[in-house]
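Q: I have a model open and would like to learn how to read it, feature by feature. Can we go through it together?

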Amino acid sequence: MQNNAVLNISSYKFVGLPDCHALRERLFERAAALDLKGTVLLAEEGINLFLAGPADSVRAWVASLKEDGRFADLAPKESWSEAVPFKKLLVKVKAEIIRMNHPAIRPDALPRAPALAPTTLARWLSQGHDDAGRAVVTLDTRNAFEIDYGTFEGAIDWRINKFSEFPQAVQAHRAELMGKTIVSFCTGGIRCEKAAIYLEQQGLDGPVYQLEGGILKYFEEAGGAHYQGACFVFDQREALDAGLHPSTEICRPASEAHRAPAAE
């Protein structure tokens, strides 16, 4: 393949999938026939996917997926690379597509927390407050080793080791969030779908938002403003810069936990 001929996509959707086991077989067969590599996670609460391959093949798989009305509005984020950053194809059924171990938080069955456009967040950070004059805090919901690659300037970092620790961390630090406008963020938005709902339930006396599309969408729409470093991704590219290219300036954390195949 020529340089940057590999299309990488990532996407998720919280939607009821009671047939996730049968769906797994169909999605695997179609992706294998197109020689795609990556990971697709399915659960009764939805789908989470990371795939790569020739652009025509990737888009053919997405088009096939969208024939199922539950995925008709799926809008995968795209980036390009010189080589496929996955070793094999995995399509798995899990208990959760992003593990929080908090069964009451089901985005497929609950109202979605308000989403904030990346350009709005960039403007708020530049002016130092939201449009109502309220102090804004950015809350990084990712794992500590991911944050070590890069995060927003001044972001709250509770040094959690896995996403299932997030509810406990909220309870331990609840006072520092009171009365502020909270913008939770993660790599592509999936963790914040659950995190923002949980935060909304805590009576924090201030609005709670999730950054629409996460850091990767922010890079796409707002560039690197107010962000320091790169964004860790769970594939062999390791981290992307604000131009959505593999980062050439990676300060690797001491932990080897980043070798895990998917976010928790």
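Predicted model: local features only at pLDDT ≥ 70, side-chain atom pairs only at ≥ 80, totals over all residues.

Q: Where is E193 found, and is it buried or exposed?

A: E193 sits in helix α6. Its relative accessible area is 6%, under the 20% cut-off, so E193 counts as buried.

Q: What does the largest nonpolar core look like?

A: The general idea is that nonpolar side chains tend to be buried together in soluble globular proteins. In this model the largest such core has 27 residues, and those with the most contacts inside it are L139, W158, F166, L177, I182 and L199. The elements giving two or more residues to this core are β1 (6–14), β7 (136–140), α5 (166–172) and α6 (190–200). The largest share, 6 residues, comes from α6.

Q: Which residues is L139 in contact with?

A: Setting aside neighbours within four places in sequence, L139 is in contact with I156, W158, F166, I182, V183, S184, F185 and L199. There is also a second, separate core of 24 residues, which includes L36, L49, L51 and L89.

Q: Let's zoom out. How many helices and strands does the protein have?

A: There are 7 helices and 13 strands. The radius of gyration is 18 Å, close to the 18 Å that the globule rule gives for 264 residues, so the protein is as compact as a globular protein of that length. The C-alpha trace spans about 50 × 40 × 35 Å along its principal axes, and 52% of the 264 residues count as buried.

Q: What about contacts, surface and charge?

A: Take contacts between residues at least 6 apart in sequence: 74% of them join residues at least 24 apart. The accessible surface comes to about 11700 Å², with 49% belonging to carbon and sulfur atoms. As for charge, there are 29 positive and 35 negative side chains, and the centres of the two sets lie 3 Å apart.

Q: Which backbone angles deserve a look?

A: Look for positive phi values in residues other than glycine. R159 has phi near 55° and is found in the loop between β8 (150–152) and α5. At 39% relative accessibility, R159 counts as partly exposed. L244 has phi near 65° and is found in the segment after β13 (239–240). L244 counts as buried, at 14% relative accessibility.

Q: How far is the C-alpha atom of L244 from that of G223?

A: Those two C-alpha atoms are separated by 9.2 Å, while G223 and L244 are 21 residues apart along the chain. G223 lies in the loop between α7 (214–222) and β11 (227–229). Apart from neighbours within four places in sequence, G223 is in contact with Y218 and A242.

Terms used. Residues numbered from 1 in each chain as written. Heavy atoms only, no water. Helix = DSSP H or I, 4+ residues; strand = E, 2+ residues; numbered from the N terminus. Rg over C-alpha atoms; globule rule 2.2 N^0.38 Å. Buried < 20%, exposed > 50% of the residue type's maximum accessible area, 1.4 Å probe, protein only. Contact = heavy atoms within 4.5 Å. Areas by Shrake-Rupley, 256 points an atom, 1.4 Å probe, with all protein chains shown as cover. Lys, Arg positive; Asp, Glu negative; His and termini not counted. Charge placed at Lys NZ, Arg CZ, Asp CG, Glu CD. Core = buried A, V, L, I, M, F, W, Y, C linked by side-chain atoms within 4.5 Å.
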